[in-house]
Amino acid sequence: MALKSGLFMPTMTGRTQGIAEMAAGHVPFDSLSDAEVMLRAAADDAAYEYLVHKYHRPMIAFMYRMCRNQAQAEELAQEVFLRVYRSRTSYAAEAKFTTWLYRIATNLAVNHARDNKVERSGKVVSLDEPDEESGTTLDVADPTLNVEQNILRRERLQAIKKHVMSLPEKQRAAVLMHKYQGMDYRDIAAALKLSESATKSLLFRAYEGLRERLKEVV
């Protein structure tokens, strides 16, 4: 299922550059919360495009970490934004926009994994997308370490990635939101539709499992 290219991936034109300046009442979107922008999207496609432009890279990265396939990650991210677009008139801002967005994404990713019986083969995929602000990745060599130490560091990172990817879907989603998206327990709980205590328990089990599997390399 495809979206209009102008809605899913705004083209890098003067219009894109001006998206942040366009809003009812001439209020720049970047001066509003994401929830406020989403509320405006009911009547203003530019507000929706602003959110897509802001979140399409993190969403594709999240989906890639969940499904381990670039093409599928892009399709799933596109479906997320299609659902966001369809919900623009009913959105009620009862939670943070990111919580609501990742709830949609997690449900899609978990259902996709179950429907397609994704094998947890241990294949290593990128969990180190460049940081949105710094542009660096976890695998950048540390100049304070010698060659041997850097090789060992990379081996540990590869082992961590492998075992994160082998976690059950909900545990993996929780770890990715916690460690890579910077979401707190409350927001993760809302995204997964769990209690906060259940979310803490889910993450505890995930991290305990990772510690056990990684005790030989970390």
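Here is our chat about this chain.

Modeller: Heads up: this is a predicted model, where local features need pLDDT of at least 70, side-chain atom pairs count only at pLDDT 80 or more, and totals for chains, interfaces and linings use all residues. Residues are numbered from 1 along each chain as its sequence is written, and side-chain values use heavy atoms, leaving out hydrogens and water.

Biologist: How many helices does the chain have?

Modeller: Helices are DSSP runs of H or I with at least four residues, strands are E runs of at least two, and both are numbered from the N terminus. The chain has zero strands, and its helices come to ten.

Biologist: At which residue does helix H4 bend?

Modeller: A bend is the angle between axes fitted to the seven residues ending at a residue and the seven starting there. H4 covers residues 45-67, and Pro58 follows the bend within four residues. The angle is about 50°, and the residue is Tyr55.

Biologist: How many residues of H4 are buried?

Modeller: Buried means under 20% relative accessible area, using a 1.4 Å probe and protein chains only. H4 is mostly covered, and of its 23 residues the buried ones number 19.

Biologist: Which residue caps the N-terminal end of H4?

Modeller: Look for a side-chain oxygen 3.0 Å from the backbone nitrogen of Ala46. The residue that owns this oxygen is Asp44.

Biologist: What is the average pLDDT of the chain?

Modeller: pLDDT is the predictor's confidence in each residue, from 0 to 100. It stays under 50 over residues 9-24. In the chain, 66% of the residues score at least 70, and the average is 75.

Methods. Buried < 20%, exposed > 50% of the residue type's maximum accessible area, 1.4 Å probe, protein only. Polar contact = N/O pair within 3.5 Å; in protein donor to acceptor, adjacent residues only side chain to side chain. Contact = heavy atoms within 4.5 Å.
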